[in-house]
Amino acid sequence: MSSFVSQGVNYAVKPEANWKAVLECAAMEVFSMMAGAELTRFTDEPGQPHGEQTAMVGMAGALCGMLTIRCTSATAEKLAGMMLSGEAALNPSVIGDAMGELCNMYAGNFKSKISTLADHCMLSVPTVIWGEDYFMQTVQPNAGFQFALSFEGEPVWFSLVIHA
Amino acid sequence: MKKLHVLIVDDSSVMRKIVERSLRQAGLELEEVREAGNGAEALAELQNSAFDLILSDINMPAMDGLEFLRSLANVPSAKNVPVVMITTEGSESRVVEALSVGAKGYIRKPFTPEQIKERLAPLLGGAL
């Protein structure tokens with residue numbers, strides 16, 4: 001459980017089991033509204049997260065943690081193309097910016113759906129990683145959610161890692 | 001229908017393009033669209049051009065949307081130009097602050113062209 005004290009009030013936020021559904025809803029809304037991309041649930045989880053494109057946004061305040069989106073380069077390119085009506089072409093910088101914005105909106109949309117977070121949690125600017133051969137070491141998380149949604153049959157991975 | 005001169009202020013070039021596309025999808029006739037990556041760049045644009053509408057992000061580097069709004073009070077050419085904030089900011093206090101220092105409305109990301117039309121119509125009169 002994160003703890004955040006402001007003006008003598010402790011805005012502690014405890015993750016709840018229904019947050020996974022909230023995160024899924026937040027992701028589906030953002031992809032649909034901003035890219036015209038319909039995400040659906042898999043009937044069977046498609047293995048471990050993989051893909052060469054990772055976008056992440058940090059959270060600080062009432063909840064400390066990290067939200068990420070991960071997918072293959074081909075999926076990221078397709079999504080960027082849909083967001084920009086094809087203008088993304090093959091420009092990696094634009095594709096990265098598009099992924100970062102999707103993650104930023106995913107984080108903001110999730111935050112706005114949890115009333116206890118809206119006014120007491122800040123988001124970092126997005127960070128984008130290109131490449132698959134990395135390991136992210138953070139403070140030991142005390143909770144988290146991870147799931148994949150299908151975009152035209154390909155998995156897009158979403159996660160929320162929460163630190164104590 | 002009047003064709004509009006619009007200034008879009010956002011640190012993401014992707015988001016600036018999406019906002020422009022959404023404005024067109026919402027039915028706005030755009031004569032000219034200028035872009036700025038932060039409040040300081042937007043103030044520079046205002047030195048050279050007149051606008052009918054300004055759409056601005058809140059969280060930006062160098063000069064954020066709130067500081068930009070405060071600075072607009074000293075820009076004669078921006079008088080009576082509606083400024084609408086477009087933000088992922090879930091904080092009501094930041095939105096209220098923006099409205100208190102001159103913003104005429106706000107649109108939360110993600111958004112649809114229909115939501116843009118709904119928010120801008122009262123501000124643009126016959127342009128929508």
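Let me start in a loop. E152(A) sits in the loop between β8 (141-151) and β9 of chain A. This is a predicted model, so keep that in mind throughout. Phi of E152(A) is positive, about 50°, and the residue is not a glycine. Most residues other than glycine have a negative phi.

N80(B) lies in the loop between α3 and β4 of chain B. Its phi is near 70°, again a positive value in a residue other than glycine. N80(B) has 6 C-beta neighbours inside 10 Å, so it counts as exposed.

One more backbone item. The peptide bond from K109(B) to P110(B) is cis, with omega near 0°. P110(B) is in the loop between β5 and α5 (113-124) of chain B. Most peptide bonds are trans.

Now the strands of chain A. Take β5(A), residues 64-71. Eight of its eight residues are buried. In a regular strand the side chains alternate between the two faces of the sheet. Here C64(A), M66(A), T68(A) and R70(A) point one way. G65(A), L67(A), I69(A) and C71(A) point the other way. Both sets are buried.

What does β5(A) pair with? On β4(A), residues 53-61, there are seven bridges, and the two strands run antiparallel. Q53(A) has C71(A) as its bridge partner. A hairpin through two residues connects β4(A) to β5(A). Seven bridges also join β5(A) to β9(A), residues 154-163, again antiparallel. There L67(A) stands opposite L160(A).

L67(A) comes back in the core. The largest nonpolar core has 76 residues. Which of them have the most contacts inside it? They are L67(A), A98(A), L102(A), C103(A) and Y106(A). Helix α3 of chain A, residues 92-113, gives this core its largest share, ten residues. Set aside the neighbours of Y106(A) within four places in sequence, and Y106(A) is in contact with A26(A), A27(A), V30(A), L67(A) and I69(A).

Over to the sheet of chain B. Five strands form an open sheet, ordered β2-β1-β3-β4-β5, with parallel pairing. β2 (30-36) and β5 (105-108) of chain B have a single partner strand each, so each has one side without a neighbour in the sheet. From one strand to the next, the twist averages 20°. β3(B), residues 53-56, and β4(B), residues 83-87, pair over three bridges. S56(B) stands opposite M85(B). Helix α3(B), residues 65-72, packs on the sheet and touches β1 (4-9), β3 and β4 of chain B. Its direction makes about 175° with that of β4(B).

Next, helix α1(B), residues 13-25. How far should it span? Its 13 residues at 1.5 Å each should give 18 Å, and the end C-alpha atoms are 18 Å apart, so the two agree. Its buried residues include V14(B), I18(B), S22(B) and L23(B). Just after the helix, G27(B) takes a positive phi of about 105°.

Last, the contact between the chains. Chain B puts in 18 residues and chain A 20 residues. α1 and α4 (92-100) of chain B each supply at least two residues of chain B's side. The largest share of that side, six residues, comes from α1(B). By class, the side has five nonpolar, seven polar and six charged residues.

Note on methods. Residues numbered from 1 in each chain as written. Chains lettered and ligands numbered in written order. Predicted model: local features only at pLDDT ≥ 70, side-chain atom pairs only at ≥ 80, totals over all residues. Helix = DSSP H or I, 4+ residues; strand = E, 2+ residues; numbered from the N terminus. Expected span 1.5 Å × (residues − 1). Buried ≥ 20, exposed ≤ 12 C-beta atoms within 10 Å, placed from the backbone. Pairing = 2+ DSSP bridges. Axes fitted to C-alpha atoms, helices over the stretch in contact; angles between N-to-C directions. Contact = placed C-beta atoms within 7 Å. Nonpolar A, V, L, I, M, F, W, Y, C, P; charged D, E, K, R; others polar. Core = buried A, V, L, I, M, F, W, Y, C linked by C-beta atoms within 7 Å.
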